Every structure is written in structure tokens, then in C-alpha cells.
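Subject: Structure handover

Hello,

Here is the structure for your files. My notes on what was found in it follow below.

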Amino acid sequence: LQLLLEATLLRLASGSHHPFYNGFYYNHIMNDKGNGQEKVVHFNGASLVVETPKDPIYSSNGANVTLPCHYHYEPELEAKHKIRIKWSKLRDDYTKEQDVLVAVGKTYVAFGDFKGRAHLHRAGRREASLVVSDVRLQDDGKYRCEVIDGLEDESDVVDLRLQGGGMVGDNVTPCTKPVSLAFPWHPLLGGGGKAEGLGSPFVGRKGPGCSPCGGLHLAPGIRSYGSRHRHLHRFDAFCFSSTLKGEVFYLDHLAGMTLEEAKQSCQDVGAEIARVGHLYSAWKFLGLDRCDAGWLADGSVRYPITKPRANCGPAEPGVRSFGFPSKGRFGVFCYKER
């Protein structure tokens, strides 16, 4: 039965040419005039309601995670047909990226990278939650939970986010020193990575002495060279860490410090000047909050805010940046291994 279900679903998903096919059935039917116009079927009585959490679900690489999904009827009644459940992974624009799992009754089939890792969690009545084991970096994203009862079809979306901050080297390319946003925060890779064999150097607003990177008059962002052979092509690496193994702390002198004085101050207390990735990880995962600007190893001056307040920048949390000042005296953020 399982093999037959899988073969049928794969054939329909790949070969259907009908404009109204949604993976299970036709939720529109053609009228009797044969002129190609569609007639929408309206249902009387109870409505099927699908509910998922509005807040993101957080997990980490290698962990197991449950994406909650429940359904009910308004007004309450018993299902008239065998319930069908379909989970899909979505792109950022909410269009379907790939099938994850399809279930009919107690039989289910997982697809692609989710084979052997995805199954339904049905501890409660009318539960359609998805369990994904051994979570991978590429699992980060939006998922649609779709419930079908006969001709009734409703769905809702769950947002899965992987916790992690980027530990990024200071000299990735000669043109990676932006004026305002020098570290692109992303919950998955922190600004770039090789998880899918992509060579993708981060390019922000160009720094002093840099020629245009990636073309003239382009906005800051991630530049991509496309797919590259993992053995034949060689690049530098963007590294990822989901935890901070040391401590980030702030030092200051009454008159402030130059960059070189700041580096020496950290060394004097048995530490090193913090890198951009250290500061972002401490802000994101340890709640580091300091309304005082400090030097970092790449020559930038920044400060982390978890509780926005007056005179500390914008009204939302974040790491504020003063850019890369050639003059000025500031405090310093130091990093020390535990």
C-alpha cells in the first residue's frame, strides 16, 4: 500500500497538467458548458480550520523538532472522509519548494531529503504535527501544513528557524568592509556559507580603497558565483557556530583608546579583541547589551542592544555600527576563552 501510494503521489505531482490540481484532488470543477470556465464549489455547513503557531519554531543543527499543526471544524462535527495531510517546504514568497510528507490515514510517505527523517506526530485528537529528526541547515524555512477532508482543503504555515550565529573571519575579501552594515545577520549561516556547495562571498558597501565588487551601482547583499565543484574549485570559507565558547566583555578608559591601544588592553587581561562574529553571538544568544561603542578586531566600532532605549539607536534590537573610523577613541569589546 505504501509503495502504491508513493508511486501514485509522485506521478500526480510530476505529471499533472491540470490547472486546478493541488496534489490531492480538484478543488474546482468544470461547468457543463464545456467552454473552459471554472465553477467554484461552495460548501454549506461546517468549515475546516487548520491552526499552526504564529511565532517561529526554533531548533539547532542535529536536533529533533516538532512543527505543530492542529485542525478542527466550526461548528464541531466528525470528519466525513479519511483525512489526508500534506506537508510542503516553501520558498520565501510562499510558493512550494518541495514535498516533505504526505499521509492518508495511518500511511505516510516522506520525500527527498526528508526520507527517514520525517513522520507525523499524532499524540492528540486532530493533530497533524510534523516531526523532523536530525535537523540540517537547509531545513531552515517555511512549511505548509495542509489538511484535506473530501473536498474541504485548508492550510497554514509554520516558520522553522535554526539557531546559530556566524563566526566570520575579518579579512574575507578586500571589499567586505561596509560602512553601515558590516555583518549580515542570518539565523542560519550568519551571512554566507558552503552548505550547498555555493561560493558566496559577502559584499557590503565598499570600504576605502576598494574597487567596485560585483558591479557598479549595486545594493549591498550576498553575491553568488553559482554552484562550484566541491573538489575542483577552491575558495576561502565562511564558518558557522551555534554556540559561543568564550566570554565577550567591554573595557573602557576615561579618555578612550585607539585601535592599537584597544588590542593591547584586551591582551593585558589575558584576552583578545573580539571579532564581529563574537559580538553578534553574544548579543543574539547571551543577551549582551551595552550602550557604549567599542572597537572590534576588523577595525569597526559597534555596540549591541537587546533592550532598545533612548539615546541608544533605533527602536529595535540589534548591533549598531559606527563604521570603520580612521580617527577617534573608543572602548573595546574583548573575547576570552572559557
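Cys291 has a relative accessibility of 27%, so Cys291 counts as partly exposed. The model is a predicted one, and this applies to everything below. Cys291 forms a disulfide with Cys312, the two sulfur atoms lying 2.0 Å apart. Cys312, by contrast, has a relative accessible area of 3% and is therefore buried. The torsion about this S-S bond is about -120 degrees, so the disulfide of Cys291 and Cys312 is left-handed. The pair links distant parts of the chain, 21 residues apart. Cys291 is in the loop between helix 3 (276–286) and strand 20 (294–295), and Cys312 is in the loop between strand 21 (301–305) and strand 22 (318–321).

The other disulfides

The count comes to three disulfides. One joins Cys69 to Cys145, with an S to S distance of 2.0 Å. This pair also links distant parts of the chain, 76 residues apart. Cys69 sits in the loop between strand 5 (65–67) and strand 6 (70–74), while Cys145 belongs to strand 12 (residues 141–149). The link of Cys69 and Cys145 is left-handed, with -80 degrees about the S-S bond. Both Cys69 and Cys145 are buried.

Another disulfide joins Cys266 to Cys334, at 1.9 Å from S to S. Cys266 lies in helix 2 (residues 259–268) and Cys334 in strand 23 (residues 331–337), so this bond ties together parts that are 68 residues apart in sequence. The link of Cys266 and Cys334 has -80 degrees about its S-S bond and is left-handed. Cys266 and Cys334 are both buried.

With the bonded cysteines of the protein chain numbered in sequence order, the pairing reads 1-2, 3-6, 4-5.

Asp156

Is Asp156 buried or exposed? Its relative accessibility is 17%, and the cut-off for buried is under 20%, so Asp156 counts as buried. Asp156 is found in strand 13 (residues 152–162). The side chain of Asp156 makes a polar contact with the side chain of Lys54, at 3.2 Å. Leaving aside neighbours within four places in sequence, Asp156 is in contact with Val50, Glu51, Thr52, Lys54, Tyr143, Arg144 and Cys145. Cys145 in that list is the cysteine joined to Cys69 by a disulfide.

Strand 7 (residues 84–90) and strand 8 (residues 96–104) run antiparallel and are joined by seven bridges. Within this pairing, Ser88 stands opposite Asp99 in strand 8. The hairpin of strand 7 and strand 8 has five residues between the strands, and Tyr94 in this hairpin takes a positive phi near 70 degrees.

Strand 8 is also joined to strand 9 (residues 107–110), by four bridges, and these two run antiparallel. Here Val104 stands opposite Thr107 in strand 9. Which residue takes a positive phi in the hairpin of strand 8 and strand 9? That residue is Gly105, with a phi near 65 degrees, in a hairpin that has two residues between the strands.

Regards

Definitions and conventions:
Residues numbered from 1 in each chain as written. Predicted model: local features only at pLDDT ≥ 70, side-chain atom pairs only at ≥ 80, totals over all residues. Heavy atoms only, no water. Pairing = 2+ DSSP bridges. Buried < 20%, exposed > 50% of the residue type's maximum accessible area, 1.4 Å probe, protein only. Polar contact = N/O pair within 3.5 Å; in protein donor to acceptor, adjacent residues only side chain to side chain. Contact = heavy atoms within 4.5 Å. Disulfide = S-S within 2.5 Å.
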